Amino acid sequence: MSAVDSTTKKSRKRKAKKQKVKHTLTESKESISSDLKDYVGKSFQHCISGKQSELEVELKSILLNAKSMTNWKEEQLPRATDGVPQPNNRKRTKNKAIKNVSSSSSSRASSFGTSNSMAPPKTGGIIAVKSTPEELRRREQRLMRFGTPTAKPTPTPAVSSESWSPDGKIIGTSTDLEKPYFRLTSAPDPSTVRPASILQLAYTNVKKKWNNDNNYKYACEQLKSIRQDMTIQGIRDKFAVTIYEYHARMALLMGDLSEYNQCQSQLRELYNDDKITNINSEFIAYEILYLLFSGNRSEMNALLTKRAVAKEQGKPGVKNKSKALKHAQAVRSALAVGNYHKFFQLYQDAPNRNALLMDQFVPRERIKALLMLCKTFPMGLPLDFITKELAFYNTEETVEFLEKHGIKIDHVQARLETKPAVPHLQAAIQNKYQKADIKGQV
């Protein structure tokens, strides 16, 4: 036989073998698909009434996790069915019982030394898992996750449908006017949350007690509690703006920058909300001064850009330049060009609570202005001139401020020796006033 004939014969055999394998695979796929259809049909046929949705979820999970060679004729029906046994289930159960008995007996025998202790345990191709404490914990978690249908569910407190709004937000049912503030560590209970009508009464109560007692600790806690109840219920309207503005003014009066900054951050978001039709320019002024104190130039530029865009869009309240807003913008302009003479004039004529915020960064600007004066007048400066130019209350306050920063004063002539003062002023700017002490920054 020639080499060509042998090669042709071998290629024919290979083609026949490929066709045979292809035919076998096709038959197996068809049989699997038909068995799978029967399995799904039988599952829906024996589905327990009212559990069709659960059955669909179980079937999806079974099909996604099934292996390619799954025998659908012997596969157990899902739990949402009435539990009709499969043809070979009894047989498989009996075999499993025999295997369990044999494995337990062999383990007993090995424990008494009747079997070869060096022989590896037979696991039927399954890797033996040691019963370590970690493994036992995992098994317990799996059992809890896939609990039996007969297990009694944990009772949950009944919540009335009236405690929820159509959009899924909580509606409080509490009628307490006073409520301590606690940070939430779990889902809020509607019975402990006050609705908007009660919150308005609580706000009136806080104002009345603040005017009578001036107890900031009590008022601050009650206002924070009101703010928390508003946040839980998603209340973002004029009343929310009123609460945050009132709390911000109170915090500024008491020098509590932490609470002020939290209120100002929320007001910034509320003013950008379409539901709020008017912007209070007083708090835009406070925000400008606070950004001057913190030295946050990027936020300052963003604020000015937003105001320019709002002007073009014609949002109400933006064009209304109050005295406080005009003052804050003038302060920003004076510091931008280094006009300290104008800056301290504005400090002495600050409206509303602008001066309370300027108090936070006036000492820093006094040091910068004094350094500029010392470099300009190397022969010395009278204390009266410094007191007036830097807006001190009197000469005693000027002397106290200078000595606090290590600067010596000529008390006989009531003058400041400017040359020796320069290094102290530079050190103060570098070490003390390089970064603002921002409290409650969000």
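Leaving aside neighbours within four places in sequence, which residues is Thr 387 in contact with? The contacts of Thr 387 are Phe 392, Asn 394, Thr 395 and Thr 398. Thr 387 itself lies in helix H15, which covers residues 383–389. Its relative accessible area is 9%, and because the limit for a buried residue is under 20%, Thr 387 counts as buried. The model in which these contacts are found is a predicted one.

With that residue placed, the whole chain can be described. The protein has 442 residues, of which 33% are buried. It contains 17 helices and 3 strands. The accessible surface of the protein is about 29,500 Å², and carbon and sulfur atoms account for 54% of that surface. Another figure concerns how the chain meets itself. Taking the contacts between residues at least 6 apart in sequence, 60% are between residues at least 24 apart.

The strands come next. The 3 strands make an open sheet in the order S1-S3-S2, with antiparallel pairing. At the edges of this sheet are strand S1 (381–382) and strand S2 (409–410), each of which pairs on one side only. Strand S3 consists of residues 415–416. S2 and S3 run antiparallel and are joined by 2 bridges. Across this pair of strands, Ile 409 stands opposite Leu 416 in S3.

The helices can be followed through the way they pack. Two packed helices are described by the angle between their axes and the distance between the axes. On the H14 side, the contact is made by Pro 363, Arg 366, Ile 367 and Leu 370. On the H16 side, Glu 397, Phe 401 and Leu 402 take part.

A second pair is helix H6 (residues 216–233) and helix H8 (residues 257–271). The axes of H6 and H8 come within 13 Å, and they cross at roughly 25°. Because angles under 35 degrees count as roughly parallel, H6 is roughly parallel to H8. The contact is made by Tyr 216, Cys 220, Lys 224 and Arg 227 of H6, together with Glu 259, Gln 262 and Cys 263 of H8. The crossing of H6 past H8 is left-handed.

Gln 262 is in H8 and is among the residues that make the contact with H6. Its relative accessible area is 27%, so Gln 262 is partly exposed. Gln 262 and Ala 248 are 14 residues apart in sequence, while in space they are 8.4 Å apart from C-alpha to C-alpha.

Gln 264 is also placed in helix H8. Is Gln 264 buried or exposed? With a relative accessible area of 2%, Gln 264 is buried. Apart from its neighbours within four places in sequence, Gln 264 is in contact with Phe 283, Tyr 286 and Glu 287.

Gln 266 is likewise found in helix H8. Gln 266 has 28% relative accessibility and therefore counts as partly exposed. If residues up to four places away in sequence are not counted, Gln 266 touches Arg 236 and Tyr 244. Gln 266 and Arg 236 are 30 residues apart in sequence, and their C-alpha atoms are 10.0 Å apart in space.

The last stop is in the loops. Asn 214 is found in the loop between helix H5 (196–213) and H6. Phi of Asn 214 is near 55°, which is a positive value in a residue other than glycine. Asn 352 is found in another loop, between helix H12 (340–348) and helix H13 (354–358). Phi of Asn 352 is near 50°, again a positive value in a residue other than glycine. The relative accessibility of Asn 352 is 53%, and because exposed means over 50%, Asn 352 counts as exposed.

Note on methods:
Residues are numbered from 1 along each chain as its sequence is written. This is a predicted model: local features need pLDDT of at least 70, side-chain atom pairs count only at pLDDT 80 or more; totals for chains, interfaces and linings use all residues. Side-chain values use heavy atoms; hydrogens and water are left out. Two strands pair if DSSP finds at least two bridges between them. Helices (H or I, at least four residues) and strands (E, at least two) are DSSP runs, numbered from the N terminus. Buried means under 20% relative accessible area, exposed over 50%, partly exposed in between (1.4 Å probe, protein chains only). Contact means heavy atoms within 4.5 Å. Accessible areas come from the Shrake-Rupley method with a 1.4 Å probe; for residues, only the protein chains shown count as cover. Axes are lines fitted to C-alpha atoms, for helices over the stretch in contact, and angles run from 0 to 180 degrees between N-to-C directions. Angles under 35 degrees count as roughly parallel, over 145 as roughly antiparallel, 65 to 115 as roughly perpendicular and the rest as oblique. A crossing is left-handed if the near helix is turned anticlockwise from the far one by less than a right angle, and right-handed if clockwise.
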